[in-house]
Amino acid sequence: MLAAPAVGCVVAFILLPVLAMALHSFWLRDPNGIVIQQFTLTSWREFLDDPFYLEVLGRTGRLAAITTLICALVGYPVAYTLILMPDRFRALMILLLFLPSWISFVVRTMSWLHVLGPGGLVNLLLRRMGVIEEPLPLLYNDFSIYVGMVHYTLTYMVLNIYIGLQSVDRNLVDAARTLGAKGWHAFLEVTLPLSLPGLMAGSLLVFILAAGTYITPLILGGTGNVYYSNLIYEAVIPQLDWPLGATLAVVFIVVLTAVIGLYARLAGVGTLFRKVSA
Amino acid sequence: MSAPAAVEMRRVSRHYGSVAAVDDLDLTIAEGEFVALLGSSGCGKTTTLRMMAGLEQPSSGDIVVKGRRVNDVPVHARNVGMVFQNHALFPHRTAFENIAFGLKYRKVPKPEIARRVARALEVVRLPHVADRLPSQLSGGQQQRIAVARAIVIEPDLLLFDEPLSALDAGLRDELRVELKRIQKSLGITTVFVTHDQQEALSMADRIVVMHGGRKRQEGTPEDIYRAPNSEFVMRFFGRVNSLPGTVTSAGGGTMQVALAEGVSLPVPGDAAPGTKLSLLLRAERLRLVPDDGTPALRGHVTGVDYLGMMVRYDVACGGETFQAIQPAEDAVLPIGTPVALSLRGEDLVLS
Amino acid sequence: MDFHQQGERLLARYRDGDIDRRGFLGALGAACAAAGLASPLAAYAQQPQSLRFDGWGGVGQQALTRHIFTPFTERTGVQIRQGSFSGWEEFLTRVRAGSPGEYNICSLSNLVSYYTFTQGNLGQALDISKIPRFASYDQRGLEAFKRLSGGEACAVPFQLTTIGIAYNRDKVDGASVRQQGVQSLLNDRYRGRIVGENNWLRRIWYAALQSGQDPNAIRDMDAVWDRIRQSRRLVTKYWGSGAEQMSLLSNGTADISDAWGLRVFHLRKQGHPIDIVYPQGIYTDIAGMFVFRGTPLTPVYEMFDIVLREEVQFALAEQEGSTPLFDPAKVDVPQALRTTLPGYDEEGRLRLGVFPDPVYWNGHGDAWQRRYTQVMARG
Ligand SMILES: Nc1ncnc2c1ncn2[C@@H]1O[C@H](COP(=O)(O)OP(=O)(O)OP(=O)(O)O)[C@@H](O)[C@H]1O
Ligand SMILES: [Mg+2]
């Protein structure tokens, strides 16, 4: 009974749109881009006959995975520092972490143009210091895409790890130390494993966010930096091909759901959570 | 030549900003002794304990273990066993792994670890839970495993930070006895932090009463109970009545104090005749007797608190209300009963 | 067809839900006006509270507000509600999702979109004779529109959209660009310093020119894809908007690019050392304003009367860099404009490049767009 509103929300905001999308993928599109509600497998055939789409899907998976890895490596020390900080500073730091998200995502992404560009901040400084003569190619390549992606997703990673770390009882670390573990060992044996649920949740979130962005590659990417969401955008907006766009989107949702399911099983997020919360 | 003390704190202070959590504390604990640090919340007990463990650095003063200054010895090298209020077992490790944790860092060989863990489990009477996770144990069992984890490393010093306060009353009594037994049988020097005077009285060889980061009194449970050196310490161990009186004569360490018209008692002490005093008396030392007409403090019962073995009475007497705790062997006196109060001079303490 | 017949047909459409109330009243009003009637109903319909205009937004649209919409509202009392879009395809999706009569007028920047709009039966046929000022404009644009919609035009063409090859004159030798034309965009010497528009039609267009073909009649598509792949290896960034094009050319990322003349006009106005050349066969398009079906025409004609005024077009040209499509025989374009405006050659003559054939490009659109996406993604 109590679950009814939740179930209602899931149906209304998640299930129905996905079903509508699935339905759309079977409609016919006329040469002018108008969708005719007549059953056809054209879009699915287009998707299945051309390895291109799966190739880009794989490329997108790799981008998301590497972004997640970088975020985890960068985010963990940041979150750990937050935990160690005095309360007053911590509140300020968390505020600072959130501050950029009040600015439009597009503007935030575009601001990297002024940092990484040939006349941008980094190149300017390096040239002033005499480290380089010619500007480094920092923009419009994989590097700038990863910078943009990590910039976009890092906050989510840090916050999740932070919450994970916060749930680790400080007494546990003290107990480990009194038992003979040096600080580093206590971290590896106690803090790290017990904060894994936060890291796992953060990684999943970052992976999904990274897999879904198309703005970042559009603005910061160079030639050939095309990812799956860009294909969906291309299909729907310039090509006016809603059925193909819907097909691509449905595949994306199915694949992401499968990834989440597999991940939950492999990483044992569920069991880990149960252990810790009990 | 006497052996050096197991632990010594010499003029140790610990400040957090402007707060002195521990203030100029001197403490000596003998080998094998069981000392209770007793005090109300925030008085600096945990801080003291953590400094002994090395988890906290003193702001000033020295901590000396067996004659050696250990201020700069890191926690992991101090060989202390610590049991926390909330057991602090590693939730992702089984009971066995929890207990074995400290042995691993002492480079104990595997078979030896298994043997010692098994023995520790027997000491805490839980030989069958080795493979369980903490979440699969009851609260009392978790705390026993925490004790096993602390003793298995054969620490020089065993530190308890209110280990029983999270347990319910029955379990608390049972574990209290158990802990005492374990401590005695192993003979480990132990510091036990508590804010429960019953716990301190029943378990400790010696009690250190703390207040505001300072030591207020130390001594055997009996000393402290019998001869509190202050109203504060006295009040810590039960209900206390405060009686006004006037010195009528004095000499030879005893003075005659008049409590009321025709009621006068010899009280240890020296004060000039005519001095007004406030005298303290434990509630259990105040007796209610039938009013037989002889000169006495008189009053009537205004409140009854029936505790089973004991009854606590509120008695209105003059302008004051006194408390009296009596064995409930006789019939309980109803409210309104007129009573006389009987007390002995040697039970009175000058405030 | 007399007024009664017309009114009854409108009423029938309104009842069938084929036309909404405002559209109905507007159309009825138009019919009333056409029949020379002055009923209270006609008066109401003739003076709709407002018209909706959709354009590219930004300073360009602000200029339109200043020079056209504000005087229009002052004169007629009809308010202009404004919207904006970033691409006509995206706008088309919105128009289709909206109700009939919701959109009235929009900026139209090319023939292909005109063709798509009219094929989708979204246009409102205009009676150009009601817009006398149009007589002083080059009639070739109107002829093209009429051909595409098979009868009356649904839009008024009054500007030229030009594309050229822009380069930084401090970094790139202008003579060489002039001499090589579109081949400059494949010059290995500029590797990493070249940028270009990320648009299937334009890229195929340049590739056709680079492989010596007529863009409106390509025979060898393999050669085209080959040139696109070649370009892909040299280009740092394919830009998606005019603003991006401007920043790439002005911030030192790029030294050469295919470029919208209008944007280069602004770059030059800001003092950047950017020049532009217009090689043989380069893409040119016609721009104007499109009128959607169900829009009351009387106020629209009034608006075009303002839009097409010489002083308005001169002002827009001077401030926004748009190229008015005047008939040089009828209008004397000021000398200052002749030398600065994109789309004029060195002698100050209006340069008409090659227009895309919308029928041809629409016919190949689906297949070529898809192929283009793939080639761009993986070479
Ligand atoms: N990390 C800290 N930062 C600031 N003040 C602290 C810190 N730790 C303890 N204090 C302060 O020091 C004083 C003593 O704290 P401590 O934890 O030693 O008390 P306690 O006797 O163990 O109390 P309780 O019975 O509530 O556990 C308290 O006033 C406390 O607020
Ligand atoms: Mg404490």
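Colleague: Which residue forms a salt bridge with A:Glu189, and how far apart are the closest N and O atoms?

Modeller: A salt bridge here is a side-chain nitrogen of Lys or Arg within 4 Å of a carboxyl oxygen of Asp or Glu. The partner of A:Glu189 is B:Arg93, with the closest N and O atoms 3.0 Å apart. The count between chain A and chain B is three salt bridges. This is a predicted model, in which local features need pLDDT of at least 70 and side-chain atom pairs count only at pLDDT 80 or more, while totals for chains, interfaces and linings use all residues. Residues are numbered from 1 along each chain as its sequence is written, chains are lettered from A and ligands numbered from 1 in the order in which they are written, and side-chain values use heavy atoms, with hydrogens and water left out.

Colleague: How many residue pairs are in polar contact between chain A and chain B?

Modeller: A polar contact is a pair of N or O atoms within 3.5 Å; within protein, one must be able to donate a hydrogen and the other to accept it, and residues adjacent in sequence count only if both atoms are side-chain atoms. Between chain A and chain B the count is seven residue pairs, both residues at pLDDT 80 or more. On the chain A side, α8 (170-178) and α9 (183-212) each supply at least two residues; helices are DSSP runs of H or I with at least four residues, strands are runs of E with at least two, and both are numbered from the N terminus. The largest share of that side, seven residues, comes from α8(A).

Colleague: What area do chain A and chain B bury between them?

Modeller: Buried area is the accessible area (1.4 Å probe) that two parts lose on being put together, summed over both. For chain A and chain B the value is about 2,000 Å², with 65% of it on carbon and sulfur atoms. Contact means heavy atoms within 4.5 Å, and by that rule 19 residues of chain A are in contact with 24 residues of chain B.

Colleague: How many residues does the contact take from chain A and from chain C?

Modeller: The contact takes 31 residues from chain A and 25 residues from chain C. These two chains bury about 2,400 Å² between them, and carbon and sulfur atoms give 48% of that. Four salt bridges are counted between chain A and chain C. One of the salt-bridge pairs is A:Arg29 with C:Asp366, at 2.6 Å from N to O.

Colleague: Which residues of domain 1 of chain B lose the most area to domain 2 of chain B?

Modeller: The area buried between the two domains is about 710 Å², of which carbon and sulfur atoms give 55%. In domain 1, B:Tyr225, B:Met234 and B:Arg235 lose the most, together 80% of what that side buries.
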